[in-house]
Amino acid sequence: MKYYIILLFLSLSLSSFAQEVTKDGKIYEVKNEKIYLDGQDVTETLTLEEKTLIFKEAAVITEKLKVEAAAKAKEVEAKAKLEAETAKAEAVKSEKAAAKLKKEEEKALKKKEEVAEKLEKENKKAEKAQKKAEKAQKKAEKEIKKKEKLQKNFQKAESNLEKGQKKYEKLKRKGKLSPQDEIKWLDKLDKLTNKVAKAKSKL
């Protein structure tokens with residue numbers, strides 16, 4: 001009977017204690033689905049990938065401890081069977097304790113599976129959100145580039161119009177324009193003005 005009590009406390013303590021996980025030279029403590037570093041909760045500050053790795057490693061450690069506990073349980077059960085041959089009443093009590101322990105282990109395993117499933121769902125949800133954010137960012141970057149290009153086109157058109165006007169004014173002042181040249185220049189300036197207006201409207 002005393003073996004089963006020890007084993008029961010051992011299995012209960014396995015589920016209540018935090019798991020220590022070493023990653024990149026840092027020792028993280030995993031307890032109640034939260035990650036601690038030097039006693040501080042760092043769950044939200046870690047990346048999704050880091051969290052997943054740490055939780056997986058903690059689960060592996062827990063599983064290893066459970067396997068060890070199960071091995072010890074088998075050892076205890078063997079001793080209990082030996083005692084059962086000499087004390088029948090003691091054997092009945094040992095059976096009850098073993099059943100209770102098995103039920104606790106099944107309960108703990110079910111809980112771990114639920115946690116793993118929940119974590120997987122959250123990971124998928126987070127991945128989906130990340131893809132959506134990346135898509136939105138690409139769209140925004142594309143939009144910025146488009147606006148920059150339109151701004152450049154507008155500035156270029158303005159610059160061309162300004163240069164054309166200055167040249168026209170200079171030629172006109174010097175009296176180097178024939179009536180036919182003046183018509184050509186005015187037509188050219190009109191086209192440049194239209195280009196500026198078009199570029200501005202696109203902005």
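**Salt bridges and charge in a predicted model**

The side chains of Asp-187 and Lys-191 form a salt bridge, 3.8 Å from N to O. This is a predicted model: local features need pLDDT of at least 70, side-chain atom pairs count only at pLDDT 80 or more, and totals for chains, interfaces and linings use all residues. Residues are numbered from 1 along each chain as its sequence is written, and side-chain values use heavy atoms, with hydrogens and water left out.

Reader: In which helix do Asp-187 and Lys-191 lie?
Author: A salt bridge puts a side-chain nitrogen of Lys or Arg within 4 Å of a carboxyl oxygen of Asp or Glu. Asp-187 and Lys-191 are four residues apart, about one turn of the helix. Helices are DSSP runs (H or I, at least four residues), numbered from the N terminus. Both residues lie in helix α4 (residues 179–202).

Reader: Is Lys-191 buried, partly exposed or exposed?
Author: Buried means under 20% relative accessible area, exposed over 50%, partly exposed in between (1.4 Å probe, protein chains only). Lys-191 has 53% relative accessibility, so Lys-191 counts as exposed.

Reader: How far apart are the closest N and O atoms of Lys-79 and Glu-75?
Author: Lys-79 and Glu-75 are four residues apart in helix α2 (residues 48–86), so about one helical turn separates them. Their salt bridge has its closest N and O atoms at 3.9 Å.

Reader: Where is confidence highest in the chain?
Author: pLDDT is the predictor's confidence in each residue, from 0 to 100. Confidence is lowest in helix α1 (residues 2–16), at a mean of 55. The highest mean is 91, in α3.

Terms used: Helix = DSSP H or I, 4+ residues; strand = E, 2+ residues; numbered from the N terminus.
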